[in-house]
Amino acid sequence: MPTLINGQTTLATNAIQEYHDANVTPERHEHGSNGPVYVATPSSTGRRYPLREKLAQAWKENNVEPLRGLDGNAGCPVGLAELAENRRRGLRQLASSVYPLDGVHVLTNTLVKHILIEESATTSSQPTAVGIETANGEQYLGGEIIAAAGSYRTPQLLMLSGIGPSEILNGLDIPVVLENPEVGRNLSDHLQLTQYWRLKDPSAGYAFGSPSFPNHPEYALGLPVDWMVTTDIPKNGLAEAIAADREQPASSQSSHPLLRSERSVMEHLVVYVAASAADPAIVHDGSAFPRHRDWQSTHRRRDAARWVRTYGARL
Ligand SMILES: Cc1cc2nc3c(=O)[nH]c(=O)nc-3n(C[C@H](O)[C@H](O)[C@H](O)COP(=O)(O)OP(=O)(O)OC[C@H]3O[C@@H](n4cnc5c(N)ncnc54)[C@H](O)[C@@H]3O)c2cc1C
């Protein structure tokens, strides 16, 4: 069943925990299920990798619970979800292939200076975004203004337009159009660390290069990964780290955005292959770390060729 990711980016000015709402379900339109952008999971493509059940059990023993419907995009991502990838029949879909820009006037190399905002006529109504002004002073008006300048630049653009925390705007002599203290305060980023594991028994078939690794054609329909696991980190250590950074005095720590709610801090994926075709850090059957230069280059060439044949064009 294809799943639609909501393609529209809207002004996200609320605190992020409102988006990490465990009660949000696809039925409440967090995301749809019948649009042109396809999302593939191991289940939707019939991919069951050798350690699927054992990994789920290991996470459970570490108090990581499965998310409802194993869906990491239905509210709160913290927990165990199936890996979801934008793919159709194994191939990535370019946005332009499903949303053609026919009839759309696209301006390239054009910097938006600020959003044009019409002040409300009455005190009870909100100001309305009516257009944008570019860096060279041109103005474009529109019925609906969507700010989609990325995680860093969208809050910047809002603040340049007078939407944001008044103490910051006042300090920069930007007239406050709409006071919103949350703008720019809720970036949630996650770490990525790569670890390579040498297998105790490479013949068991738990690595892509092992001769006994299952050779199922459906494995070509996505990355060799079962689960996307998102975890928080212990609040005590985090509070100490924030205090050490002297970002906030200890007395106001509980209001720090990182401490206020459950946050996605780490994403964990167990991949059945050393991921870099060009420079594999481990032999693809998981048996050893390459050490000797000649041995290493022979294996690298062979394994890299095999990886590229199977997955390379699909990344
Ligand atoms: C290293 C890295 C790895 C990632 N890996 C993944 C992944 O594996 N899977 C995944 O789902 N997501 C991944 N992401 C996240 C994903 O890339 C973003 O969530 C996504 O690109 C956000 O799309 P967007 O359209 O909101 O913003 P962006 O793609 O950031 O687009 C914003 C655009 O606005 C333009 N812009 C900014 N300011 C202005 C201005 N004032 N005027 C005009 N234009 C402006 C920028 O130049 C940019 O082109 C990754 C991100 C990074 C950085």
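**A walk from the sheet to the ligand**

Start by selecting T231, whose bridge partner in β8 is M266. Before moving on, note that residue numbers begin at 1 in each chain, following the sequence as written. You're looking at a predicted model, where local features need pLDDT of at least 70, side-chain atom pairs count only at pLDDT 80 or more, and totals for chains, interfaces and linings use all residues.

Now pick out strand β7 (residues 227-231), which is joined to β8 by three bridges and runs antiparallel to it. Strands here are DSSP runs of E with at least two residues, helices are H or I runs of at least four, and both are numbered from the N terminus. Two strands pair if DSSP finds at least two bridges between them.

Next, show the ligand. Eight residues surround it, the closest being L111, V112, A149, G150 and R153. To be near it, a residue needs its C-beta atom, placed from the backbone, within 6 Å. Helix α3 (residues 150-160) gives the most to this shell, with three residues.

Finally, colour by pLDDT, the predictor's confidence in each residue from 0 to 100. The protein averages 80, and 75% of the residues score at least 70. Select residues 1-20 and you'll find pLDDT under 50 throughout. Residues 292-296 are also below 50.

Methods. Two residues are in contact if their C-beta atoms, placed from the backbone, lie within 7 Å.
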